Structure formats: structure tokens, C-alpha cells
Amino acid sequence: MDYQILVNKDNPLPRAHIPNNLVEVNSKYKDNIKLDKKAYESFILLQKEALKYNYKIDIESGYRDYDYQENLYNRLVKDKGYSYAITRIAEPGKSEHQTGLAIDFCIYKDNKCYIEHEVEELEETKWIHNNAYKYGFILRYPEGKEDITKYSYEPWHLRFIGDISSVLYNNKITLEEYYEKKY
Ligand SMILES: [Zn+2]
């Protein structure tokens, strides 16, 4: 598995791309979530560390296959139109979730589960953004980098990239910039 794989609007995956190390995830939020084995094991370590601060983080979405993404995308285009959909959801083949290395996290707090935009202002989220790199993750679509990633800010979306995560975190760069500038 290439943990540093770059998947975006210019670098799509074929329909047939299926990761070979997928494992079943234990999530309170939803059944049947799968992730790359190493990405999941790393997330568990992050989750355990978070718990020391009483931050309860979990997985809301992991691996999505090509057909699933196609359905999501088509539905959003139908409901909200192309120009809305194109900046908010990946077209089939262009989602990192197809790699099995992307995680949408959620946060349990006050008997509620916070997902997607709801996590933005939480202290847990801030902590995750500043500590996930220690476990091989980056915040894949940061605020202020929309012109580079071609995605709106997604405070909930983490991407496992392995050892280079600290390089990206310390230099405040995206995966696109990492490849561009050859750090
Ligand atoms: Zn995501």
C-alpha cells in the first residue's frame, strides 16, 4: 500500500481500484465501516491519546468504493446542482475515501454526536488538528488552502499518509504542495 498516494481532481483512481488491506472498523456511529489496516491501527492510537483528555472521537466514514461515491455524487448534483456539488464532494474515482486511508471523524460530547461542520468549533477538533500528525495523519482540506486542494475546508476529514505527516504539519503544507515542492 502506498500511504503517500495522491488522489484528487487531477489524479483519479480507476473504478477497479480496491485496497487490499481493508479491515472492519469498530465504530459506535455506524456499522460496516472499513479502513486500511495501518490507518485504522494508527487512528486507534490517536483515539486512545484523545481519551486522556476525555475527548471521545470516533469514525463516521472510512472506505468508500467507486460505485458508492458515484451514487453520492449523482444525488448531490441532482439535489443541489453541479456547481454546488463539484466543490463539496468528489466525483467518482476522485475521492480519497476510495484509498481506505481517509477518515471522517465524529465527536461524542454532551450525549450528542457531532459530525462534519458541527465539529468545527469544538476544542476536540482543535486538538485533533494539532496532534493527528503524530500518528501519521494530516488534515487533508485545511482552511485557506482551498485553491490548492480544490476543496472547501473540511475540519472533519483526516488522511493517513504515514511518516511524512510531520513534514506536512510542520511546514503547513498540503499533499499537493508536498509533491510540487519535493520536500
Ligand atoms: Zn471525508
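The legends below describe close-up views of a predicted model. Local features are given only where pLDDT is at least 70 and side-chain atom pairs only at pLDDT 80 or more, while totals for chains, interfaces and linings use all residues. Residues are numbered from 1 along each chain as its sequence is written.

**View 1. Strand β7 and its two partners.**
Helices (H or I, at least four residues) and strands (E, at least two) are DSSP runs, numbered from the N terminus. Strand β7 covers residues 157–160. H157 and R159 point one way from β7, and L158 and F160 point the other way. In a regular strand the side chains alternate between the two faces of the sheet. All four of these residues are buried; a residue is buried if 20 or more other C-beta atoms lie within 10 Å of its own, exposed if 12 or fewer, and partly exposed in between, with C-beta atoms placed from the backbone. Two strands pair if DSSP finds at least two bridges between them. β7 pairs in the antiparallel sense with β4 (residues 102–109) over three bridges, and R159 is the bridge partner of A102. β7 also pairs in the antiparallel sense with β6 (residues 137–139) over three bridges, where L158 is the bridge partner of L139.

**View 2. The largest nonpolar core.**
A nonpolar core is a set of buried Ala, Val, Leu, Ile, Met, Phe, Trp, Tyr and Cys residues joined through C-beta atoms within 7 Å. The largest one here has 32 residues, and L35, I103, F105, A132 and F137 have the most contacts inside it. At least two residues each come from α1 (37–51), β3, β4, β6 and β7. β4 gives the largest share, five residues. Contact means that the C-beta atoms of two residues, placed from the backbone, lie within 7 Å. Not counting residues up to four places away in sequence, F105 touches I57, D58, I59, E60, I128, W156 and L158.

**View 3. D104 in strand β4.**
D104 has its place in strand β4. Leaving aside neighbours within four places in sequence, D104 is in contact with E60, S61, W156 and H157.

**View 4. D65 and helix α2.**
D65 lies in the loop between β3 (56–61) and α2 (66–80). D65 has 17 C-beta neighbours inside 10 Å, so it counts as partly exposed. Beyond its neighbours within four places in sequence, D65 is in contact with I18 and Q98. After α2 comes G81, whose phi is positive, near 95°.
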